[in-house]
Amino acid sequence: MEFLRKQSSGRLITLGFALMILLGTALLLLPCSVKEGVQVGFIDALFTATSAVCVTGLLVVDVADSFTAFGQGVVAVLIQIGGLGVSSIGVGLILAAGKRISIKDRLLVKEAMNVDSSKGIVRLVKFVLLLTLCFEGVGALLCFFVFRQEYPFLRACGVSIFHAIAAFNNAGIDIFGGMRSMTPYRDNLYLNAVTCGLIIFGGLGFFVILDVIKCKNFKKLSLHSKVAISTSLFLIAAGSFLFKATEDMTWIGAVFQSVSARTAGFSTYDMGEFTNAGLFVMCILMFIGASPGSTGGGVKTSTFFTLMQGVRCVVSKKRLSAFHRSIPGETMSKAYMIVNLSLVVVFCGIFFLCVLEPEYSFIQIMFEVVSAFGTAGLSTGITPDLGTAGRLVVIVLMFIGRLGAFTLLSIWINRPEKNARYTEESLTIG
């Protein structure tokens, strides 16, 4: 206990995710989790648990074909814990037990949910848990009307609940079987719309939803909410038009893929049949990802928006601002740091997979790496065929992508600031 007290919030969160992955791996290896006649090795279970906790969706074995109802339930719980965050779940359990929340617990949630202040953190956790329950409950009910037509009552209930959890937490894992994702429901406008709704609200973030409920007017929203909503709508629209232009798909499919690409991981089309142009567009959307404080990954919409605003300001020689609000220079510096660190991780991942899996094309490997880092979960179909070393690389990428490269770096580098300043000298750029 003394060891844990001395650790920073970032290290405790990292340790919590790692322990949850190991626990999930152990549970998935139990005989009651695996279907009779199916062989699930340690790496397979580790990969599945990591993908679930990191809400990614990449799989080396099909969840429906390999695991029993108990195993599928374990995967659903891991997705839920991974989406909400280990610390948020922990605080929720403490509240349910009627105990007081310590300062350390508040700091953990503050760090995990990327909140500026620990003030009102208990209220926020209560709201997040209630909001999640409402969205997933309504989503499961709406999905039930579709799945009841294909499955017996109890199975339809299970599939509906699992799908709602996976969609709202942007996990992209399904239990339809055959590694098909949502391709059987390609033309089902109703299910596509329900799934998109869950993905969008889960990807916007709890702060944005709370802000919208309070203000009910776009003009009164905080800058963060305005940026998250406007950037998300722009990316959805741009992605839809680009997919329609580069791929042979309907508008329903184009919109769905544009929504799902930014970390959800569901697919109504086979990624292996996409053109290089379509895969490249998908990589861009996966790298950007969802919004801060959400269940999604990527470098986040606010980071992308800040960088674009920075480019505009440099060109127009105006101060960094948006929606009649000035943006601090520290925000721009952090945005550049996050993107640079993320690119380093992605480049390293691409290099290692190119060395370990030379039989695949560069675009396939790049797609797989960006999908793992952005916790998107989409694949061109090469994931199940990766070797043990390749799978371990993807596992590390998923873990880094869920926690964030910036968070992981801050865990190891914690040096005190020095007061000494050096003489400034200009540097030629470009």
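User: Which helix supplies the largest share of the lining of the largest cavity?

Analyst: Helix 10 does, with four residues. This is a predicted model. Helix 10 spans 189-204, and helix 12 spans 223-246; each supplies at least two residues of that lining.

User: What makes the space a cavity?

Analyst: A 1.4 Å probe fits there but cannot get out, so the term cavity applies. The structure holds one cavity of 30 Å³ or more. The largest cavity has a volume of about 90 Å³.

User: How do you know which residues line the largest cavity?

Analyst: Lining residues have an atom within 4 Å of a cavity point. N170, I199, I200, G203, L204, S232, I236, V259, R262, T263 and A290 line the largest cavity.

User: What is the make-up of that lining by class?

Analyst: Six residues are nonpolar, four are polar and one is charged. Arg counts as charged, so R262 is the charged one.

User: Why is F17 called buried?

Analyst: F17 has a relative accessible area of 5%. Buried means under 20%, therefore F17 qualifies. F17 sits in helix 2, residues 9-28. F17 and V53 are 36 residues apart in sequence, with their C-alpha atoms 7.3 Å apart.

User: How much of the protein is buried?

Analyst: Buried residues make up 53% of the 430 residues. The protein exposes about 21,000 Å², with carbon and sulfur atoms supplying 65% of that area.

User: What makes a set of residues a nonpolar core, and which residues have the most contacts inside the largest one?

Analyst: The members are buried residues of the listed nonpolar types, joined through side-chain atoms within 4.5 Å. The largest nonpolar core has 119 residues, and I79, F147 and M282 have the most contacts inside it. Helix 8, residues 121-147, gives the most to this core, with 10 residues. A second, separate core has five residues, including L204, V208, L221 and I229.

User: What does I79 touch, leaving out residues up to four places away in sequence?

Analyst: I79 touches A52, V55, F162, I165, A166, N169, A171 and I173. Contact means heavy atoms within 4.5 Å, so each of these residues meets that cut-off with I79.

User: What share of the contacts with a separation of 6 or more joins residues 24 or more positions apart?

Analyst: The share is 68%. As for secondary structure, the protein has 19 helices and two strands.

Conventions:
Residues are numbered from 1 along each chain as its sequence is written. This is a predicted model: local features need pLDDT of at least 70, side-chain atom pairs count only at pLDDT 80 or more; totals for chains, interfaces and linings use all residues. Side-chain values use heavy atoms; hydrogens and water are left out. Buried means under 20% relative accessible area, exposed over 50%, partly exposed in between (1.4 Å probe, protein chains only). Accessible areas come from the Shrake-Rupley method with a 1.4 Å probe; for residues, only the protein chains shown count as cover. On a 1 Å grid over the protein atoms alone, a cavity is a set of points where a 1.4 Å probe fits but cannot get out, and a pocket is an open set with protein on both sides within 12 Å along at least five of seven lines; lining residues have an atom within 4 Å of a point. Grid points are joined across faces, edges and corners, and a volume is the space filled by probe spheres set on the points.
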